[in-house]
Structures are given as C-alpha cells and as structure tokens.
Amino acid sequence: MVKEKFITENLTHDGIDRRGFLKCMAWAGTGAYCVLQGGVLKSYALGGEALRNGSMSKMMKGELGFVQISDSHIGFDKAANPDVTGTLRQAIAKINALPTPPSFVLHTGDLSQLSKPDQFDTVSEVLKEIRTEKTFYVPGEHDVLDDDGAGYRERFAKGTMGDGWYSFDSAGVHFIGLVNVMNLKAGGLGNLGADQLEWLEKDVKHLKSSTPIVVFAHIPLWSIYPDWGWGTSDAVQALSYLKRFGSVTVLNGHIHQTMKKVEGNITFHTAMSTAFPQAAPGVGPGPGPLKVDAGKLRSVLGITDVNFIRGRNTLGITDSTLDSSM
Amino acid sequence: MKLISKSIVSFALLVASVAFAGGPVRAQSMAGKSVSGDATPKTASKSFNVEIKDFAFAPATITVPIGAKITWVNKDEEPHTVTSTDRVFISKALDTDDQFSVTLDKPGTYEYFCSVHPRMVAKIVVVAAKDKQLMKMDKMGKMN
C-alpha cells in the first residue's frame, strides 16, 4: 500500500530527476505518461491535470505511434496466472481501443513459456487480433529453449541476421531489434556476442547523429539487478556505438515490471508483462512468477504506448495496466 | 500395483536405451509425473539428488563416487537446464517437476550451470570409491 502511494505522489511531479526515477522503480504502477524533451524526462499521472488539459491528446497525435508488449509466456498455467492467453487478449483489447491505432507493435520476447510449437502457434494466432500493420519480435530466453532458437526464427524472425537481430526505419526513426538470450555463459548475464556487436556498429555507422534511435531487446541493456541476471554483459559496448546520437530509447522486457532510467542521451525503459508480475529487484528468493490476489492481477499487467513527434526530439512513453481506463 | 510396475518397466527401458550410448556419462531425462517414487532403482546408495529451487541448485556442490547417479528435479515454476560447462552433459529445458539424471563414470570436477539463467552455477565432484573421505559423506554429498 505504501508503495502505491509513493508512486502516485511521485508521478504528480511535473519533472523528475534521476533520484526520482529510482522512486519510479516499482512494479505496482498505475500508469504513467512519460515524455522525453531534450534529455529531460517528465512524467504525468494518467488522469492528472496536465493530461486533462490536452497535452496528452497532442502527444497521441505524433507522427509515429507504436506499442510495446512483452513476456506473454503462452503455455504458462501455474497459480500466478492460469489464463495467460486471456490476459494477452485483454492487452490486445487495450491496444485496439487506443485513439490512434499503432503503426506497429514490438513484442520484446518470452512469447512462449517453453518454446513449444503449439505455444508459438497460439501466440502467433492471438497476436493477429491486434489492429496494426505489423508486429516485430525479439526472442526471450523462453523462446530459444532446446533448439537454439530455430523454431522461434522460423515463425517470428524470417529474413533476420544471425540469431534473429535486424533493423528497420519508420518515420525517420531507426529501430534496432537485438538478441541477448543466446549462448549465455556460466556465471554470466544476457549476452549480445561479438558477431552482433560488429553488425550493430556497421548498422548505425551511416546514420546521421540526429536520427532518433530505438533499440529493443528482451533482457535489459542496463544493469538493473545482476544477481538475478537482470543485465547484459556486453551492453556497454553496444551502447557506445550509440553515444553520438541525440536521442536513443532502449525498450526491454524480462523483468515483468516498469522501470525507467535516463543516462545522458539514452532513455531506458522496461515494460510490464501480459502474463504475470515478478518481484521488485532483490525482494524474495528469486525472479520467478509472483502470485498476487486474483483481483489485483490486471493492475500489474499491461502495455506500453510510445509516440514520437518530429522536431521535438521527443518520445512519449505511456505505460498502462490492463485495469486502467487509458 | 499395476501402475507402479508399468513405470518400473518404462524406467528400465529408459536406462537401457541411454546406457546403450556408452561413454563416461549416461544421461536421461523424464517428465515429472511419469515416474513414481517407487521406481527408485535398487542401487539407491549410489543415487544422489539435487533440487532446483528458487533459481539455485541445492546442494551447490556434491561429492559422489564413480558410477553414482545424480538426479535433478526442478521445483521452480520456471524452466531450468542442467548444462555442463564443458558440455559433458546437457539436459533439455526442465519444466516444473521434470527430472534429469546423469551417471558419471570418470573422476573429476564437473561444473555445470543453467543455460537459461546462467547465474545459477554448481558442481559435482566425482571421486574414486576407495577414497575414504567419501565414507564420511551422507547421501546428499555433505560432510558429516
């Protein structure tokens, strides 16, 4: 209870500093609308004053809007959520209810619980219900079990490089999908690997520094809690290739809760799961499925809506839970 | 009784088919509910169990005699693997209550980890049966 109050208070601030972000680091968010302007991130409570007077609707009409969803874990059937397909459908209903349909959807991995063909088939079919042009994927560690990701790539990453990495451009924004769940080393964290790093360096070399960059990958590319594997060992090198760009947004999943951090030109953000929450970093024995009261589950699952407006160097990031009215 | 004897037969078949592969390691894995506790082989004194729980192998180090069979059971609601760092043995992803076993026939230290959650590391030490120290250890590989 204390935690929820904390967040609500924090989100009513017009702007928050880096210490403020740490206060944001809790999974029980009720929905925040975050705007990056010239490297300063401002956040507003959903339904708050600033949003009622129209700034939200202005943001919603950016030149590019897309949605991130994550960690659907289709096939999971334990107490933390016996109906993960049902909650994924609720997330899709929220997407389909957005005032402006997203140009596309990014799914940041753990589509399945166990990389089983029937789980992939189900998630693939259900995601077709989203009203959008296209869905882009990166794999989570649950999607590459036992076959080094062959089944995943056949269904979700045709025509990609290496283990499934790729880039594309939309409305002047350069999107980069990275794979950091393969060839993990004993004792280590998420891993991109030399081949992918080399590809990334070449991929961004020709871009103007004014090009907004969005990087998406499953495991966070910033060190959130290494003891639980919440980080990527060679992320620092990957991000060094992006230092010269004015606006870099990194979108991750894996930790089943929203967290944000701004470091120089880079804004980091993790999304909620559509399946089940996980504990705050270091709380409890490990990062397994966290059981909450059935009535509360929808308040800890959700989607992330991202809007970009040219000329403002701005990405607006909105997290909303399945039970919020947004 | 019928059910039990059936599972013993399928267990024996599994052992037989794996043993056929030969080499220093014999590995087998099975879905959690297919084998009842009654199917424990008679060589129980050479069987060791490692529990996978709360994103850790317990015990993290076990010392076993040559030819001992080590069985892992996943008690988490999250898939884990048992992957030897030197790729001497590699399990499939183990779902909740799934098991994986290896029989190690060569002395040495076998480090292993979970390839899904690589922070999970542990090891098996295989020692010659005549090693007297081993006699002081209990079934779980802990020193008495």
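Predicted model: local features only at pLDDT ≥ 70, side-chain atom pairs only at ≥ 80, totals over all residues.

User: What is the pLDDT of chain A on average, and where is it below 50?

Analyst: Chain A averages a pLDDT of 83, and 79% of its residues score at least 70. The pLDDT is below 50 over residues 1-61 of chain A. That stretch still has 99 contacts in the model beyond near neighbours in sequence.

User: How many of the residues count as buried in each chain?

Analyst: In chain A, 48% of the 326 residues count as buried. In chain B, buried residues make up 33% of the 144 residues. The test for this word is 20 or more other C-beta atoms within 10 Å of a residue's own.

User: How far apart in sequence are the residues that touch within a chain?

Analyst: Let us take contacts between residues at least 6 apart in sequence. In chain A, 69% of them join residues at least 24 apart. In chain B, residues 24 or more positions apart account for 55%.

User: What does each chain bring to the contact between A and B?

Analyst: The contact takes 18 residues from chain A and 18 residues from chain B. On the chain B side, 7 are nonpolar, 3 polar and 8 charged.

User: Which residues have the most contacts inside the largest nonpolar core?

Analyst: They are L178(A), V215(A) and I70(B), in a core of 89 residues. Strand β8 of chain A, residues 213-217, gives this core its largest share, 5 residues. Apart from it lies another core, of 5 residues, including W228(A), W230(A), I255(A) and M259(A).

User: How do you know that V215(A) has contacts beyond its sequence neighbours?

Analyst: Leaving out residues up to four places away in sequence, V215(A) touches I176(A), L178(A), L221(A), V248(A) and V250(A). The cut-off for such a contact is C-beta atoms within 7 Å.

User: Why are β6 and β10 of chain A said to stand at the edges of their sheet?

Analyst: The sheet is an open one of 6 strands, in the order β6-β7-β8-β9-β11-β10, with mixed pairing. β6 (166-170) and β10 (259-263) each have a single partner strand, so one side of each is left without a neighbour in the sheet. From one strand to the next, the twist averages 15°.

User: What makes β9 and β11 of chain A a pair?

Analyst: Two strands pair if there are at least two bridges between them. Strand β9 (residues 248-252) and strand β11 (residues 266-270) of chain A are joined over 5 bridges, in the parallel sense, so they meet that requirement. N252(A) stands opposite T270(A) in β11(A).

User: Which strands form the open sheet of 4 strands in chain B, and why are two of them edges?

Analyst: The order is β4-β9-β8-β6, and the pairing is mixed. β4 and β6 (83-84) of chain B each have a single partner strand, so each keeps one side without a neighbour in the sheet. Strand β8 (residues 108-113) and strand β9 (residues 121-127) of chain B run antiparallel and are joined by 6 bridges. In β9(B), K123(B) is the bridge partner of E111(B).

User: Why is D148(A) called exposed, while D54(B) is called partly exposed?

Analyst: The cut-off for exposed is 12 or fewer neighbours, and partly exposed lies between that and the 20 needed for buried. D148(A) has 12 C-beta neighbours inside 10 Å, so it counts as exposed. D54(B) has 15 C-beta neighbours inside 10 Å, so D54(B) counts as partly exposed.

User: What is the phi of D148(A) and of D54(B), and where do they lie?

Analyst: Most residues other than glycine have a negative phi. D148(A) is not a glycine, yet has a positive phi of about 55°; D148(A) is in the loop between β5 (134-137) and α7 (150-156) of chain A. D54(B) is not a glycine either, and its positive phi is about 50°. D54(B) lies in the loop between β2 (47-53) and β3 of chain B.

User: How do you know that the bond between A58(B) and P59(B) is cis?

Analyst: Its omega is about 0°. P59(B) lies in the loop between β3 (56-58) and β4 (61-65) of chain B.

Conventions:
Residues numbered from 1 in each chain as written. Chains lettered and ligands numbered in written order. Contact = placed C-beta atoms within 7 Å. Nonpolar A, V, L, I, M, F, W, Y, C, P; charged D, E, K, R; others polar. pLDDT = per-residue confidence, 0-100. Core = buried A, V, L, I, M, F, W, Y, C linked by C-beta atoms within 7 Å. Helix = DSSP H or I, 4+ residues; strand = E, 2+ residues; numbered from the N terminus. Axes fitted to C-alpha atoms, helices over the stretch in contact; angles between N-to-C directions.
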